Amino acid sequence: MESFILLFTNDKLLIFNFIIILLFIKSLSYIIPLIIAIAYLTLIERKIIGSIQKRKGPNIVGIFGLLQPIADGLKLLLKETSLPNSANIFIFIIAPILTFFLALCAWAIMPFNEINFYSNLNIGILYLLAISSLGVYGIIISGWASNSKYAFLGGLRSAAQIISYEVSIGLIIINVLLCSGTLNLKEIVLAQQNIWYIFPLFPLFLMFFISSLAETNRSPFDLPEAEAELVAGYNVEYSAMGFALFFLGEYTNIILISAVSTILFLAGWLPPFDIFLFNWIPNSIWFGFKTIIILVLFIWVRAAFPRYRYDQLIQLGWKIFLPLSLAWLMLTSGILLSYDGFPN
Amino acid sequence: MIKLVLFYFFSGLSLVSASIVISVKNPVFSVVFLILVFFNVVGLLLLLGAEFLSLLFLIVYVGAIAVLFLFVVMILNLKFIELRSSFFYYAFFGSLIMAIFLFEIFIILNSDLTFASSYFLERKRIWVQELYSYTNLQILGNVLYTSYSYLFILSGFVLLVAILGAIILTLYQRSQIRRQDPNVQVVRNFDDTIRFFKFLK
Amino acid sequence: MKFYFVEYFILFTYIIISFILACIISLLSYLLTTKKEDPEKTSAYECGFNPFDDTRTTFDVKFYLVAILFFNFCLEISFLFPWSIVLGNISYFGFVAIILFLFILTIGFIYEWKKGALNW
């Protein structure tokens, strides 16, 4: 990019400004499709759950209800935002912004194919873990600032839940790192050219999937917003755009974690077989296709399973997933060590 | 140039938010600004080139320790602490501790770190390493689990003590809780549970 | 080193842009909408009646315990990250070191299990 600009000008400040503007456009070209993807994810969710329950789902607004998410978004934008009088206004306003902002941040390092990424960090996985561990704040802070009992309880529950499952997610990721020998997301995908990690590490993939359901507060583990007991959990006091930002943040995290599991276990953009027909399809379409499969799994689980109890949830995380993933770590490293199967 | 601007940005913001941490009245606000301080320190570490340490700092301090602080503040239910009453008491001890820390930093700066630099930087950084360009992580890993394995295992003991201490301090069992035991549920079979009686007419 | 810095600078621009965007979206809803304040609307939600008292009372210490335990295991995992990358180089010595480390922590984990700290 720099050499291209150097053809026209030699002024360093101008080049710097130009690069900043290009980066601005490039980041918008990541964020805007992401928001559209979230909008249509909600439509897919309603359609799939509708057809599982023998309903039609939204089909009035636009053909097949295709304009429904846009109508929903506009409605939320034009609703009145009410600020509770007992809340701490500053933190109350900051919390949804923080949630949405962190959810967007994590996408900066996602490689869509071998050349298409925003920033190629050496330690991409750690960056993802850091951002996901920051996600707790938006929830705790919103629960505290709302000064409502339901919001407070929902925030606490959600924080404890996300924290517990992050341990097992971290241990599972270390298994993948042992096999790939790098923390760079791009190199992790390229390390899977011979075999996708879902095949040797299938139990870990299952655990990762279940943990990611818990991490994103999705359905069998959606205790923070259990309608029957907590009304809507931590976002009960939020209306209009505050609520919409939480909603967007949550769905961004869902897409993010399915993209991450695509990269870690399903070999990212790589086609399943290295033959002409598969190579002909662009790589980024493979990436999207695999991500969508996991997203549909998320929705399917929501339609199929009843909600967990909170004690069961905590015990599943600490008593089953943690020892199991620790034991699997020893197994993986032992096998790699004894058969000298390290990548570098 | 950009580095210098970013350095002043991060360090200035961290100083400002650090002073807000101790001056603001609501403890939750001070935790929030403490998180901001951590963020800026992460930025400073990144500028130094310590990418692994900086992100680890983010995960451990912001992701775990600050959550603990927030929980503590919320548990204690502190509303507005009376700062003025004990100001001089804290000021005395605070300045004492600050003087000790400054003295230590002064000693370290004076002794120009010959031992550590000879061990870490000069002996390890040879041209082969420049050629293969090890990452932060590889350098750390190659040293931590071999040369410093004693200290590493010792840190395991420190974590063990932390787990034990946390459990002893916070654990209490409420008495009238009915717990579910899946084992009992699974072992239970039809014949043991339901018995039929014949009543005489 | 210089190469990394470029990547992080690009990341930093992205972070700033997404922060500005999140702020704009939040601000829009305050600018575009009409506001009608109402005591019923702005009071905290509590199934049909007015809230009795301030909600920020104490809560179960179990949440705090979970946070502390998470902190320990988070540190343990952060020790495993460099190990997972260099295990090929440091071979059996590093493997034994990490086994000892995990063994010590597993003692803590078993203690915590037997004490019932994981029972909610």
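A residue is classed as buried if 20 or more other C-beta atoms lie within 10 Å of its own, as exposed if 12 or fewer do, and as partly exposed in between, with C-beta atoms placed from the backbone. By this criterion C:L100 is partly exposed, because 14 C-beta neighbours fall inside 10 Å. The model is predicted: local features need pLDDT of at least 70, side-chain atom pairs count only at pLDDT 80 or more, and totals for chains, interfaces and linings use all residues. Residues are numbered from 1 along each chain as its sequence is written, while chains are lettered from A and ligands numbered from 1 in the order in which they are written.

Secondary structure is taken from DSSP runs, with helices (H or I) of at least four residues and strands (E) of at least two, numbered from the N terminus. Chain C contains three helices and zero strands, in the order α-α-α from the N terminus. Buried residues account for 36% of its 120 residues.

UniProt annotates residues 8–28, 63–83 and 90–110 of chain C as "transmembrane region"; UniProt positions are given in the numbering used here, feature names are shortened, and annotations may be inferred rather than shown by experiment. In the model, residues 8–28 of chain C are 100% helix and 0% strand, with end C-alpha atoms 30 Å apart. For residues 63–83 of chain C the content is again 100% helix and 0% strand, and the end C-alpha atoms are separated by 31 Å.

Chains A and C meet through 63 residues of chain A and 50 residues of chain C, two residues being in contact if their C-beta atoms, placed from the backbone, lie within 7 Å. On the chain A side, two or more residues each come from α2 (12–52), α3 (68–78), α4 (89–105), α6 (149–180), α10 (240–265) and α13 (310–338). The most, 13 residues, is given by α6(A). By class, this side of chain A holds 40 nonpolar, 17 polar and six charged residues, where Ala, Val, Leu, Ile, Met, Phe, Trp, Tyr, Cys and Pro count as nonpolar, Asp, Glu, Lys and Arg as charged, and the others, Gly among them, as polar.

One helix pair across these chains is formed by α13(A) and α3(C) (residues 61–115), whose axes come within 11 Å and cross at roughly 160°. Axes are lines fitted to C-alpha atoms, for helices over the stretch in contact, and angles run from 0 to 180 degrees between N-to-C directions. The two helices α13(A) and α3(C) are therefore roughly antiparallel (angles over 145 degrees; under 35 is roughly parallel, 65 to 115 roughly perpendicular and the rest oblique). The crossing of α13(A) past α3(C) is left-handed, that is, the near helix is turned anticlockwise from the far one by less than a right angle, clockwise being right-handed. Contributing residues are A:K319, A:L326, A:S333 and A:L337 from α13(A), and C:L87, C:Y92, C:F95, C:L102 and C:W113 from α3(C). Seven of the residues in this contact are nonpolar, one is polar and one is charged.

Chain B comprises 10 helices and zero strands, and 18% of its 201 residues are buried. Of the contacts in chain B with a separation of 6 or more, 57% join residues 24 or more positions apart. Toward chain A, 14 residues of chain B are in contact with 15 residues of chain A. At least two residues of this side of chain B are supplied by each of α2 (27–48) and α3 (51–76), and the largest share, 10 residues, comes from α3(B). The side consists of 11 nonpolar, two polar and one charged residues. The UniProt feature "transmembrane region" is placed at residues 4–24, 28–48, 55–75, 88–108 and 151–171 of chain B. Of these spans, residues 4–24 of chain B are 95% helix and 0% strand, with 30 Å between the end C-alpha atoms.

Most residues other than glycine have a negative phi. In chain A, A:K54 has a positive phi near 60° and is located in the loop between α2 and α3. A:K54 counts as exposed because it has 6 C-beta neighbours inside 10 Å. Phi of A:A267 is likewise positive, near 60°, and this residue occupies the loop between α10 and α11 (276–280) of chain A. A:A267 is buried, as 24 other C-beta atoms lie within 10 Å.
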